[in-house]
Amino acid sequence: MDQEKTGRFIAAVRRERGYTQRALAEALGLSEKTVSKWECGKGLPEPGYMLPLCQLLGVSVNELLEGERIPLADMIRKMEDNMAALVQQIGHEQLRQRLYKLYGLEAGSIRTARFGAGSLTYLVDCAGESYVVKYPSENSMNHPEAEPALCEFLLGAGVSVCRFLPDLHGRMISADENGRLFHVQRLLPGETLPYHSAPPWLMERSAALLADIHRALLDYPTLPTGIGGEFFRRRTPERTLAGYGNTLRRAEEAGHGEMAEEIRSNMEILRRFPSYEFDTRRLTMVNTHGDYTITQLLCGEGQINAVIDWTTACVHPAVWEVMRSYVYASPLCARGEIDIGDLLDYVRAYIIRFPLTDYDLENMGRLFFYFTAVCDFYGQYLGAMTPNRDIYWQQARLSSGLLRWFEGHIDELTEALRGLGRGR
């Protein structure tokens, strides 16, 4: 809010309405000096006087706060923006009280984090310490109750992750007054980078760190299954194609013309999709992060400081997470196309530290092609109501580009990956 702009607006509208400063002040039961301070930009009307002032001037509260007349359509939008800001302010205040009651923390600044599509995450400063407060999304892929023990194990294995803070009752996972689970972690220094922005050093280090994580978790109890036999039985091209009809209808009804075209393109690829079968007994299945991407890496100057957000930790095919981490990190994949030489460099950096079988390498591209085809990312975006749902839109658009690329290059990619096995 610009006090000087609001002051000039009050003065201009007051004159339009035929009020002197004294007359306006008397109508509000205030001194002329107070009105003069407003108009000089040295103060703002107190909340209790805003509505009466707006009624006298014939303007809306939004116009008063903006310091200008607002067309009706813009007025509605600004009302929604102001309401969203108010809701956020109330949410932050509730969180502040919650942290004091359950953790004894006196929160200073609170910011809503922009990373994470389904979860609600806050960054909180408390007397020189910084914390992450996370409400995991409630679905079958998330296991927040297992995350503290897993992170403690990883710390012992030399993998840098955040430490959890117990509440005043010694619990690592707390529940708010509505029963929603959340946890508090100490925030480590560093920044997360957006998709497709990894510099060369990070590409190499990311692959190596993923291999170290897979190796360390060999000694951890088996986690819930993510992509396994049930996934391939349940997620088929035929079923996805049938479900896409509903997604296409929703996109058209919402006026998303570009999205509708991408969905139709995906459907055409599904109609001619190759017949793939994967033997999970032959794939290297590993305990893993479950969502290892560039946005989960806290980076410092030329190094990865920590891996965050282990809520979705589970058992996946190792090659799935290698491929997925690559396509979301490499700048060369930003348009949904894979540079085979660049990918091979990434895979080499991984297999130096964690070996893959010939069967793994032969099926690395095919498996990720299959995964991309049978997951309806557009339906996920249209059905999401979370603040960060645009992440689903990014993933959906990337998936369409990848599908087109895979269809034209899958044999070439498979042969190149086979070559890595022959070259050992």
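**Strand pairing and helix packing in the model**

Colleague: Which residue in E5 is the bridge partner of Ala-175?
Modeller: The bridge partner of Ala-175 in E5 is Leu-181. Please bear in mind that this is a predicted model.

Colleague: How many bridges join E4 to E5, and do the strands run parallel or antiparallel?
Modeller: Two bridges join them, and E4 and strand E5, residues 181-186, run antiparallel.

Colleague: What is the strand order in the open sheet?
Modeller: The five strands are arranged as E1-E2-E3-E5-E4, and the pairing is antiparallel. Strand E1 (110-112) and strand E4 (174-175) stand at the edges; each has a single partner strand, so one side of each lacks a neighbour in the sheet.

Colleague: Turning to the helices, how many are there in the chain?
Modeller: The secondary structure of the chain comes to 16 helices, together with nine strands.

Colleague: What span should H12 have, and how far apart are its ends?
Modeller: At 1.5 Å a residue, the twelve residues of H12 (318-329) should span 16 Å. The end C-alpha atoms are 17 Å apart, which agrees.

Colleague: At what angle do H12 and H16 pack?
Modeller: The angle is about 110°, and the axes are 12 Å apart. That angle makes H12 roughly perpendicular to H16, since 65 to 115 degrees counts as roughly perpendicular.

Colleague: Which residues make that contact?
Modeller: H12 contributes Met-323, Arg-324, Val-327 and Tyr-328, while H16 contributes Gln-395, Leu-398, Leu-402 and Phe-406.

Colleague: Is the crossing left-handed or right-handed?
Modeller: H12 passes H16 in a right-handed crossing.

Colleague: Which residues does Thr-372 touch?
Modeller: Leaving aside residues up to four places away in sequence, Thr-372 touches Phe-377, Ser-399, Leu-402, Leu-403 and Phe-406. Leu-402 and Phe-406 also belong to the H16 side of the contact with H12.

Colleague: Finally, what share of the chain is buried?
Modeller: Buried residues make up 50% of the 424 residues.

Terms used
Residues are numbered from 1 along each chain as its sequence is written. This is a predicted model: local features need pLDDT of at least 70, side-chain atom pairs count only at pLDDT 80 or more; totals for chains, interfaces and linings use all residues. Side-chain values use heavy atoms; hydrogens and water are left out. Contact means heavy atoms within 4.5 Å. Helices (H or I, at least four residues) and strands (E, at least two) are DSSP runs, numbered from the N terminus. The expected span of a helix is 1.5 Å times one less than its number of residues. Two strands pair if DSSP finds at least two bridges between them. Axes are lines fitted to C-alpha atoms, for helices over the stretch in contact, and angles run from 0 to 180 degrees between N-to-C directions. Angles under 35 degrees count as roughly parallel, over 145 as roughly antiparallel, 65 to 115 as roughly perpendicular and the rest as oblique. A crossing is left-handed if the near helix is turned anticlockwise from the far one by less than a right angle, and right-handed if clockwise. Buried means under 20% relative accessible area, exposed over 50%, partly exposed in between (1.4 Å probe, protein chains only).
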